[in-house]
Amino acid sequence: MAFSGVHHFRMKALASELFQFRIGELATMTGVSTRQLRYWESKGIISSLEREGEQDARVYNYTAYVTVAVIKEFLDDGYTLKGAVKKTNEHQRNWQVLHDVMKNAVQDVVLLDEAPAVDLGFFDEEETQRLYARIDENNKVKYSVRPWAGYAESIE
């Protein structure tokens, strides 16, 4: 497997903590007004990132985006703000596990039988086999375990 600059780029794409949005962008992306976002921040529901220097504009990370988007969904479904926040917090733990697994499991995107596949790393303790996943023509995930020869053809 080639751990190239392309691989590094792919892994950075999974690093959601790198995504940052200004308050206006967050409002546009979620359909929540900037006024509401400031109110939610004042109540400790979300928080903006600390910024160095004299930069006053609020900036939010991807976690804040997901939190705002989900709270908005619950509000649209008829929950009160308090109820929406509670439901969102209950789900946050599951989302974090999913994010952490994906961030640590995805090793690369490779060509396997002339088709793109996601290399999910070693399948066995002895590190002799790798697990690959791809989407078939019916849009279903298909897995395969292959012997590890020490390399795979990385898609550039």
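## Basis of the model

Because the structure is predicted, local features are reported only at pLDDT of at least 70 and side-chain atom pairs count only at pLDDT 80 or more, while totals for chains, interfaces and linings use all residues. Residues are numbered from 1 along each chain as its sequence is written, and side-chain values use heavy atoms, with hydrogens and water left out.

## Overall make-up

The protein has five helices and seven strands, where helices (H or I, at least four residues) and strands (E, at least two) are DSSP runs numbered from the N terminus. Read from the N terminus on, the order of these elements is α-β-α-α-β-α-α-β-β-β-β-β.

Of the 156 residues, 29% are buried, a term that stands for under 20% relative accessible area, with exposed meaning over 50% and partly exposed in between (1.4 Å probe, protein chains only). The accessible surface comes to about 10600 Å², and carbon and sulfur atoms account for 51% of it; such areas come from the Shrake-Rupley method with a 1.4 Å probe, and for residues only the protein chains shown count as cover. Among contacts (heavy atoms within 4.5 Å) between residues at least 6 apart in sequence, 41% join residues at least 24 apart.

## Helix α2 and its neighbours

Helix α2 covers residues 23-30, and its buried residues are Ile-23, Leu-26, Ala-27 and Thr-30. Seen down the helix axis, these residues fall within an arc of 100°, so they line one face of α2; the arc is that of the directions from the helix axis to the C-beta atoms. They pack against β1 (20-22), α3 (34-42), β2 (59-61) and α4 (62-76). Just after α2, Gly-31 takes a positive phi of about 80°.

The axes of α2 and α4 lie 10 Å apart and the two helices pack at an angle of about 40°, with axes being lines fitted to C-alpha atoms, for helices over the stretch in contact, and angles running from 0 to 180 degrees between N-to-C directions. On the α2 side the contact is made by Leu-26, Met-29 and Thr-30, and on the α4 side by Tyr-65, Val-68, Ala-69 and Lys-72.

## Gly-83 in helix α5

Gly-83 lies in helix α5, which spans residues 81-105, and this glycine is buried, with a relative accessible area of 18%. Its C-alpha atom is separated by 9.0 Å from that of Ile-71, a residue 12 residues apart from Gly-83 along the chain.
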